[in-house]
Every structure is written in structure tokens, then in C-alpha cells.
Amino acid sequence: MKKIICKKEYDTETATLIKAYAFGELGDPAGYEEDLYQTPEGLYFLHVGGGEASPYPTEDILRLAKTKVKDWMANH
């Protein structure tokens, strides 16, 4: 998936997957996935998606500030 946010490109095809996190079982409407990526330029983002009752009912890319990466890693 590719998305432009604030004139910066975030692309799961060219970024490096750092950590994948899944909550719930396959088919769970409240289940979701958050995959942490780093772009070649050093930016971080989450590739998210999940069931209809999850925090991410549609696939999306969300920027993640460098200062938030450590907290995200500690909680996932």
C-alpha cells in the first residue's frame, strides 16, 4: 500500500518492516493488525487494518513520530 501524507510518500513495498502486531483471531470483527515500517529516509509509519468492529475497519497508513516508536514497541 502507498499513501502520500504531508508531501511524503509512505509505501509498504519500499519500506522495511520492523515489527508486526496482531490482535484477535482471523475473522474476529474486533481483530486488527498494526505493522511498523521504516522508510529509506528514516520515517516511521504503521500499516493498519482490521475487522469492522476494530479501531481500523479499513486499511490505512498512519505516520508515527520517531519519539513514539519506542512507546509503540514497548506496548506491542
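**Aromatic pairs and their setting**

Modeller: A search of the whole structure finds 5 aromatic pairs; rings of Phe, Tyr and Trp (its six-membered ring) pair if their centres lie within 6.5 Å, and planes under 30 degrees apart count as stacked, over 60 as edge-to-face and the rest as tilted. One of them is edge-to-face: Tyr10 and Phe45, with 5.5 Å centre to centre and 75 degrees between the planes. This pair links distant parts of the chain, since Tyr10 lies in strand β2 (residues 8-11) and Phe45 in strand β5, 35 residues apart. Helices (H or I, at least four residues) and strands (E, at least two) are DSSP runs, numbered from the N terminus. Phe45 also forms a stacked pair with Tyr37, at 5.1 Å centre to centre and 5 degrees between the planes.

The model is predicted: local features need pLDDT of at least 70, side-chain atom pairs count only at pLDDT 80 or more, and totals for chains, interfaces and linings use all residues. Residues are numbered from 1 along each chain as its sequence is written, and side-chain values use heavy atoms, with hydrogens and water left out. The mean pLDDT (the predictor's confidence in each residue, from 0 to 100) is 96 for the chain, and 100% of its residues reach 70 or more.

Both Tyr10 and Phe45 are buried, that is, under 20% relative accessible area, where exposed is over 50% and partly exposed in between (1.4 Å probe, protein chains only). Phe45 has 0% relative accessibility, and Tyr37 is buried at 11%.

The largest nonpolar core has 9 residues, among them Tyr32, Tyr44, Tyr56 and Trp72; such a core is a set of buried Ala, Val, Leu, Ile, Met, Phe, Trp, Tyr and Cys residues joined through side-chain atoms within 4.5 Å. Strand β5 (44-50) is one of the elements that give two or more residues to this core, and its share, 3 residues, is the largest. Tyr10, Tyr37 and Phe45 are included, with Ala15, in a second, separate core of 6 residues. Tyr44 touches Tyr10 and Tyr37, among others, not counting residues up to four places away in sequence; contact means heavy atoms within 4.5 Å.

Elsewhere, Tyr21, Phe23, Tyr32 and Tyr56 form one aromatic cluster.

As for the sheet, it is open, with 4 strands in the order β3-β4-β5-β6 and antiparallel pairing; two strands pair if DSSP finds at least two bridges between them. Strands β3 and β4 (residues 32-38) are joined by 7 bridges, and Tyr37 in β4 stands opposite Leu17.
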